[in-house]
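Here are some friendly notes to read with the structure open beside you.

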Amino acid sequence: MPHTASVKLDDKEFPLPVMQGSEGELAIDTRKLRTETGYICYDQGYGNTGSCESKVTFLDGDNGILRYRGYPIEQLAEKSDFVETAYLVIYGELPTPAQRKAFGLLLRQNAAVETQMQRIFEGFPVEAPPMAMLTSIVASMASHHSELATNNFEKDLQNFDLAAAMAISKTRTIAAMIYRYQKGKPYIYPKQDLPFCENFLHMMFSEPYKEYIAEPEVARALNLLLLLHADHEQNCSTSTVRTVGSSAANLFTSIAAGICALSGPLHGGANGAVLQMLQTIHDEGDDGTRFIAAAKSGSKSNRLMGFGHAVYRNFDPRARIIGKAAEDVLKKLGIKDPLLDIARNLEQATLKDDYFVSRKLYPNVDFYSGIIMRALGIPTNMFTVLFAVGRSPGWIANWHEVASNAKGRIYRPRQIYVGHTKRDYVPIDQRA
Ligand code: SDX
């Protein structure tokens, strides 16, 4: 029996079409509601509104399910790596050996950042927020590679493969360069024979006189972190990429907008905030009680960072995987990090606290990721930059869906106006 829907407005009833997704998700199609009834829907923050149909990621917040193109995140975490997962997220299928080889080559061929683009770094104070630097330098790719960024969907789609490889590979290189710039160290250039993550670590930590060779466990941990961040449905930054892309803005410009959205502490900025919270608890010799009490005050500025999620009303499957990986990485590297114990105790304490249980607040992807990044030697202020590197395939895949949708429209939500009603101008000499 097909689902039906109608809306009753005063004494009139309006039938509305129902949409059903491939995983059984149901939606009321309200595209004609305004023209037929004069009413719009109101859903602050669009938490209950579908802005698009997408084939990239499926997540079920009630059951803690996350799949990229149908593949469960748990399987990809165990069996795949970031580059293969990036290919899957962007192109929709796991690559054949030939496709994987070609994609890897394209990434390596487009890893370097042009000398002219390097000059942008010098325009920033050394202590500038890395995400601010990343935004500007990624946005400049549209100028340095204007032939791939014409702001014409048809032309930009013809060059999509190269633009996508550039976006992923150069964003990774720019991230490493930001770290070097802020340390006052010379840039280390990418090597043609290093895999993606090993190359990133090389560009971060090698010295002109001594090459950094990543331990397999370190490279594996970074691959895992990045692939777990590769996409996540219509989160704040991905929706931003789609919104900007819907104006026919090119891929690089749209991704730069996504980086802006990700930099907020309620979104991608939480991973660094989690570590600062854990470090403060450690330095104060607290057991987390003070933070938990403050978090329960309800004020946004005291929230328990790394907890809660706009969609997951159960555990965030990524948090479980990363939490386990944090234990493994520290053990393999022989690191004893007291912050991991504090994080575990905090998680246990909230599981017994009705405030968190009743609001279904569990650790999210950001809660343990910082522990791993710290173990890899990544400084806290670079955590969100790594999140952006990891999320680049998802942003690219979503931009492609917008750009290739012949029936697509520019994103232009409506509003309910609650300001002044009509009033006449008062000359300044008549104002109080
Ligand atoms: C990411 O969307 C995505 O998919 C994002 C992401 C991705 O991969 O792209 O998963 C990545 O952004 C993860 C989230 C990282 N942010 C944080 O860890 C910051 C702390 N978390 C929160 O600020 C909050 O949980 C959000 C922003 C993540 C979700 O906010 P919601 O869904 O809008 O929740 P809400 O503000 O409606 O809160 C519901 C209740 C409120 O209490 P009451 O008003 O009912 O009394 O829960 C409380 C909130 O005060 N609450 C928290 C809390 N999060 C929500 N209380 C204490 N600590 C928290 N962390």
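1. Let's begin at the surface, where Arg34, Arg409, Arg412 and Arg414 gather in a patch of positive charge. Arg414 belongs to the segment after helix 20 (383-403). Please keep in mind throughout that this is a predicted model.

2. Next, have a look at helix 10, which spans residues 196-205 and is mostly covered, with nine of its ten residues buried. The buried ones are Phe196, Cys197, Asn199, Phe200, Leu201, His202, Met203, Met204 and Phe205. What lies over them? The cover includes helix 3 (82-91), helix 4, helix 9 (160-183), helix 11 (216-228) and helix 20.

3. Setting aside neighbours within four places in sequence, Asn110 is in contact with Leu162, Met166, Ser169 and Lys170. Ala165 is 55 residues from Asn110 in sequence, yet their C-alpha atoms are 6.9 Å apart in space.

4. Now to the charged pairs: the structure holds 17 salt bridges. In one of them, the side chains of Glu207 and Lys185 meet at 2.5 Å, N to O. Glu207 is in the loop between helix 10 and helix 11, and Lys185 is in the loop between helix 9 and helix 10, so this pair ties together parts that are 22 residues apart in sequence. Glu207 counts as buried at 15% relative accessibility, while Lys185 counts as partly exposed at 30%. The two also take part in a network of salt bridges that links Arg180, Lys185 and Glu207.

5. Another salt bridge brings together the side chains of Asp353 and Lys296, at 2.7 Å from N to O. Asp353 lies in the loop between helix 17 (338-351) and helix 18 (354-358), and Lys296 in the loop between helix 15 (289-295) and helix 16 (317-333), so the pair ties together parts that are 57 residues apart in sequence.

6. Last, please look at Lys422 and Asp424, whose side chains meet in a salt bridge of 3.1 Å, N to O. Here both partners are exposed.

Definitions and conventions. Residues numbered from 1 in each chain as written. Predicted model: local features only at pLDDT ≥ 70, side-chain atom pairs only at ≥ 80, totals over all residues. Heavy atoms only, no water. Patch = residues over 30% accessible without salt bridge, like charges linked within 9 Å, V, L, I, M, F, W, Y side chains within 5 Å. Areas by Shrake-Rupley, 256 points an atom, 1.4 Å probe, with all protein chains shown as cover. Salt bridge = Lys/Arg side-chain N within 4 Å of Asp/Glu carboxyl O. Lys, Arg positive; Asp, Glu negative; His and termini not counted. Charge placed at Lys NZ, Arg CZ, Asp CG, Glu CD. Helix = DSSP H or I, 4+ residues; strand = E, 2+ residues; numbered from the N terminus. Contact = heavy atoms within 4.5 Å. Buried < 20%, exposed > 50% of the residue type's maximum accessible area, 1.4 Å probe, protein only.
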